[in-house]
Amino acid sequence: RRARGRRSTRRGRCRGGVCRLAGGGRGPLLPAGPRLPRRRRRYGHEAEAEERVSRLLPGVDRRPPLRAGAARLVQKAELVRLSQTLSLVPRLHWLLVEDAESPTPLVSGLLAASGLLFTHLAVLTPKAQRLREGEPGWVRPRGVEQRNRALDWLRGGGGAVGGEKDPPPPGTRGVVYFADDDNTYSRELFEEMRWTRGVSVWPVGLVGGLRFEGPRVQDGRVVGFHTAWEPNRPFPLDMAGFAVALPLLLAKPNAQFDAAAPRGHLESSLLSHLVDPKDLEPRAANCTRVLVWHTRTEKPKMKQEEQLQRQGRGSDPAVEV
């Protein structure tokens with residue numbers, strides 16, 4: 001028994017998830033675990049703090065945080081935004097080609113809930129063409145297999161894994177546009193391209209290190225291109241800056257994107273099979289209006305998520321984000 005008046009060195013006891021502090025105070029506490037042996041203080045206050053955390057969080061999984069799957073964390077957010085833009089466009093058929101061996105529940109569910117006429121395709125980018133850790137996005141052409149898979153389906157190649165399974169019948173009049181999920185589109189753009197007879201073009205904002213890139217037009221004809229990077233490319237256009245009439249694509253079965261094309265020549269590898277530069281059709285008020293922007297979604301910072309995962313308290317993986 002302690003002598004009256006002597007101050008106790010024991011700060012409190014924990015029962016039932018409530019910490020009863022000396023003096024009758026209360027504070028929340030995680031359920032206490034088994035008493036751990038005292039560690040030698042080899043690293044000063046840091047080791048002491050680590051020991052204190054170990055006492056409060058018994059059974060914590062201290063392995064490295066779980067890695068995200070193949071899908072990007074922003075994939076659903078980008079597709080929701082794009083699908084709601086497309087829902088404003090009448091008479092539209094969305095061909096979504098997933099970079100995967102087989103369709104994922106996330107994308108399949110999003111398409112089914114979109115209310116759009118759609119076709120779901122899937123093809124995995126070959127390992128040799130995939131970006132390696134730390135490589136910038138421009139090192140390798142992206143989306144080649146997926147775009148070519150869409151062209152193959154339009155030409156009767158089949159293989160749809162969801163939505164409309166059959167391609168448009170012969171003689172269908174339509175326009176094909178290669179949209180990226182992170183760009184920003186005005187719905188006016190789709191009305192502009194609807195009248196395409198061969199290959200139509202327009203400027204793209206915030207691309208190539210410029211405020212915009214695009215064709216230069218004189219007397220209603222394309223006479224050059226406003227661009228800063230490799231202006232001597234056959235077609236110095238961004239992927240978002242052109243559309244192709246469906247009958248023209250079907251009439252040129254060998255026209256496709258070349259994965260071996262030099263940097264910046266991916267668009268040219270397709271268009272060179274379809275049209276001469278002088279026959280391009282300028283849209284968007286003779287290419288004086290920007291109706292599409294080459295925006296990018298910022299990669300989210302997951303520092304706090306990783307910290308909680310190391311403690312075994314990460315976000316519920318069953319909640320789709």
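In this predicted model, Glu98 stands opposite Ala122 of β5. The strands β4 and β5 run parallel and are joined by six bridges. Strand β5 is mostly covered, with five of its six residues buried. β5 spans residues 117-122 and is part of what covers the buried residues of helix α3.

Helix α3 covers residues 105-114. Its buried residues are Leu106, Val107, Leu110, Leu111 and Ser114. Viewed down the axis of α3, these residues fall within an arc of 125°, so they line one face of the helix. The face turned away from them carries Pro105, Ala112 and Ala113, which are exposed. The cover over the buried residues of α3 includes α2 and β4 as well as β5. After α3 comes Gly115, with a positive phi near 80°.

Helix α2 was examined in the same terms. Its twelve residues, 75-86, should span 16 Å at 1.5 Å a residue. The end C-alpha atoms of α2 are 16 Å apart, which agrees with that expectation. Buried positions in α2 are Gln75, Glu78, Leu79, Leu82, Ser83, Thr85 and Leu86. Down the helix axis they fall within an arc of 155°, so the buried residues of α2 line one face. Ala77 and Gln84 are exposed on the other side of α2. The buried residues of α2 are covered by elements including β4 (93-98), α3, β8 (184-185) and α5 (187-193).

The loop between β8 and α5 holds Ser186. Ser186 has a relative accessibility of 16%, under the 20% cut-off, and therefore counts as buried. Leaving out residues up to four places away in sequence, Ser186 touches Leu291 and Trp293.

Nonpolar packing was considered next. In soluble globular proteins, nonpolar side chains tend to be buried together. The largest nonpolar core of the model has 33 residues. Within this core, Val199, Phe242 and Leu274 touch the most other members. Two or more core residues come from each of α4 (144-154), β9 (199-201), β12 (221-226), β13 (242-245), α6 (246-251) and α7 (266-271). Helix α4 gives the most, with five residues. Leu274 touches Val199, Val244, Leu248, Leu249, Lys252 and Ala255, with residues up to four places away in sequence not counted. A second, separate core contains 26 residues. Leu116, Phe118, Val207 and Ala243 are among them.

One annotated position was also located in the model. UniProt, in an unreviewed entry, lists Asn286 as a glycosylation site. Asn286 lies in helix α8, which covers residues 284-287. The relative accessible area of Asn286 is 40%, so this residue is partly exposed: the value lies between the cut-offs of 20% for buried and 50% for exposed. Beyond its neighbours within four places in sequence, Asn286 is in contact with Val217 and Gly220.

How values were computed. Residues are numbered from 1 along each chain as its sequence is written. This is a predicted model: local features need pLDDT of at least 70, side-chain atom pairs count only at pLDDT 80 or more; totals for chains, interfaces and linings use all residues. Side-chain values use heavy atoms; hydrogens and water are left out. Helices (H or I, at least four residues) and strands (E, at least two) are DSSP runs, numbered from the N terminus. The expected span of a helix is 1.5 Å times one less than its number of residues. Buried means under 20% relative accessible area, exposed over 50%, partly exposed in between (1.4 Å probe, protein chains only). The arc is that of the directions from the helix axis to the C-beta atoms. Contact means heavy atoms within 4.5 Å. UniProt positions are given in the numbering used here, feature names are shortened, and annotations may be inferred rather than shown by experiment. A nonpolar core is a set of buried Ala, Val, Leu, Ile, Met, Phe, Trp, Tyr and Cys residues joined through side-chain atoms within 4.5 Å. Two strands pair if DSSP finds at least two bridges between them.
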